[in-house]
Every structure is written in structure tokens, then in C-alpha cells.
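Dear colleague,

Please find below the structure that I am handing over to you. My notes on it come after the sequence and the coordinates.

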Amino acid sequence: MPSPKAKNPGRGGGSPVFGSSNGRYEFMSLTKPLNRSSPPPHLLQRQGSDPNTARLRASESPTRRRGSSSSTGSGQGMAEEDGIRINPSFIRVALSSLLAIDLWLSKRLGVCACEDSSWGSVRPLMKLIEISGHGIPWLAGTAYCLYKSDSAAGQEVMLNLFMGLLLDVVLVAIVKAVVRRRRPAHNRMDMFATFSVDRYSFPSGHATRAAMCGRFLLAHLVLAAPLRVLVLLWAVLVGLSRVMLGRHNVTDVMFGFWMGYCQYNLVEMAWLSPQTLQGLLGQLI
Ligand SMILES: CC(C)=CCC/C(C)=C/CC/C(C)=C/COP(=O)(O)O
């Protein structure tokens, strides 16, 4: 089978392809036309600043030795070298492949993106789950519990949850503002109470909140086993509903879960004890 590189020697655009010219899959760059006579600058850089030394080392490389005994002579050897040369771009290729899979999967899973979608009838339920993970009910509910709590332990837990929720809103806003990934094209922007950064989708604020609050509740509330399962199920459903509603891509939610999980560690590290609270309140009053 002819190598794709041989078919498209001068194609631009930078998308690498998989080639199997010698029965072995390798990445080959389509960005630059092949230059058989001299190695590219980044190969020289990797092997030392002296181009002659670099050429010498390249000719001593096992790849070159293997290539010289191959059926197509030096051309084949160079093709194998190409495989080595474009290794630095492997991460870029992997990331763009992941992104493509992410977009494809997110579009396929966005089955409640509008009423006419295949699962459009489930949309009201998904929107209910969306509200259950929204920042405002969580902040308002926690503030209310803090106000109503008559035990020091209860107040301590609620205050730390409230601080965690504020931290979550701030961190998510920062990451969204920095990354600026747009929401999926199939999303209908009909969420309630959003800020300007909420036009961006990475990470999912609902997913960070679900992960952080889920961990928090499991760690600080004494819950029977069925309720613990329910908390976990709720967190998973919040994440799933983001993709099904078309609000987010899968990676936004996955990263959101991870970020929320880590945020809980931060809350634990910066835990406000009653003593710290008294000190803080003493300074304030
Ligand atoms: C105290 C304060 C600034 C509260 C803000 C609460 C609030 C409105 C959070 C935003 C909730 C929201 C719509 C987030 C977007 O979630 P995604 O999952 O779509 O990223």
C-alpha cells in the first residue's frame, strides 16, 4: 500500500496521518514536504548544535541502520526517521483526536438539546436536574441552613460548605474566562440566572458543584447507605444531564468532575474551625 505521505507530498494544514508503508503504523507529518538531503532543524537541535555531528548521529541511529537494509533502500529508512521526527507532535495529534471524539460523542449524546430532539420529552426532567445543581439554590439553601442551625457543629459544616460554594463559583469563572471554550452549537441558551462567563462551557460549573458538594455531603453528613447512593447518583445525573441538554461537551463535564473533586480537597485544607471563626468574627466586629 503506498504511503499517504507519498501521495500528498506537499499538502499543508498540519494534520498528521497514520501510515503503514512497512507494516508498522507510525505518524507522518503532512505539514512539510520531505527533504531527503538534510534533517529538519528540530532534529538537529535535538541531537546537538553541530549539524555535522547531528547528521553523523542520525546515520548511526538504529532506525537508519534498519532502513538501509530495507527493500526500498534509503527512502524507507527516511520514512521510519519521519516517524521519529514527528514524535514531538504526538501529544498535539492525540489532543486533536480526543477533541474530535469529544465533539462527536457530545453531539450524539445531546439527545435533549431541544424539544424536537430524539429524547426531547425528557428535557423538562433534565432541566429539573439542572436546577438541582445550580449555584443559586445551593448558596441560598446553605445560607438558610447556616442561619437556622442551632448547633456549633452544624454551623461549622454549613459555613464551610458555603465557603466551598463561593470558591467553586470563583474558580469556575476564572477557568471559563481563561479557556473561553464555546458551548456546543446544538445548545439552546435558556438556562436561568447565568453570568457572562457562563456563555463558555469549560468546565461545567454544575459538574464541579456536583462533585464537590457530593463529596462534602458524603464526608460530613451521617447518611444511610441508600441516601449515600442517591447522592452519588445525583452527582452523576447532573453531569449526564449537562451533555444530554447539549449544554456541554463530555470533556467539560469530565474536567468539571475532576475539578470539583479537587476543590473539596481545598475546602478540607482550608477548613474553618470554630476557633478560626471566632477569631475572624472578632476581627470583623
Ligand atoms: C454569589 C454568587 C456570585 C452566586 C452566583 C451563583 C450562580 C448564578 C452561579 C452560576 C450557575 C450557572 C448557571 C453555572 C453554569 O453552569 P454550567 O454547568 O453550564 O457551566
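Predicted model: local features only at pLDDT ≥ 70, side-chain atom pairs only at ≥ 80, totals over all residues.

Residues are numbered from 1 along each chain as its sequence is written, and side-chain values use heavy atoms, with hydrogens and water left out.

The ligand is surrounded by 18 residues, the closest being Lys176, Arg183, Gly205, His206 and Arg242; a residue counts as near if one of its heavy atoms lies within 4 Å of the molecule. By class, this shell has six nonpolar, seven polar and five charged residues. Here Ala, Val, Leu, Ile, Met, Phe, Trp, Tyr, Cys and Pro count as nonpolar, Asp, Glu, Lys and Arg as charged, and the others, Gly among them, as polar.

In Arg242, a side-chain N or O atom is 2.7 Å from an oxygen atom of the ligand. Gly205 places a backbone N or O atom 2.8 Å from a ligand oxygen, and a polar side-chain atom of Ser204 lies 3.1 Å from an oxygen of the ligand. Taken alone, the ligand exposes 560 Å², of which the protein buries 83%; these areas come from the Shrake-Rupley method with a 1.4 Å probe. Helix 8 (135–148) and helix 10 (205–220) are the elements that give two or more residues to the shell around the ligand. Helices are DSSP runs (H or I, at least four residues), numbered from the N terminus.

The structure also holds five aromatic pairs, that is, rings of Phe, Tyr and Trp (its six-membered ring) with centres within 6.5 Å. In one of them, the ring centres of Phe255 and Trp258 are 5.5 Å apart and the planes are at 50°, so the pair is tilted (stacked is under 30 degrees, edge-to-face over 60, and tilted the rest). Both residues belong to helix 12 (residues 250–269), three residues apart, about one turn of the helix.

Finally, the loop between helix 9 (152–179) and helix 10 contains Pro203, and the peptide bond from Phe202 to Pro203 is cis, with omega near 0°. Arg180 is found in the loop between helix 9 and helix 10; its phi is positive, about 55°, although Arg180 is not a glycine.

With kind regards

Note on methods. Polar contact = N/O pair within 3.5 Å; in protein donor to acceptor, adjacent residues only side chain to side chain.
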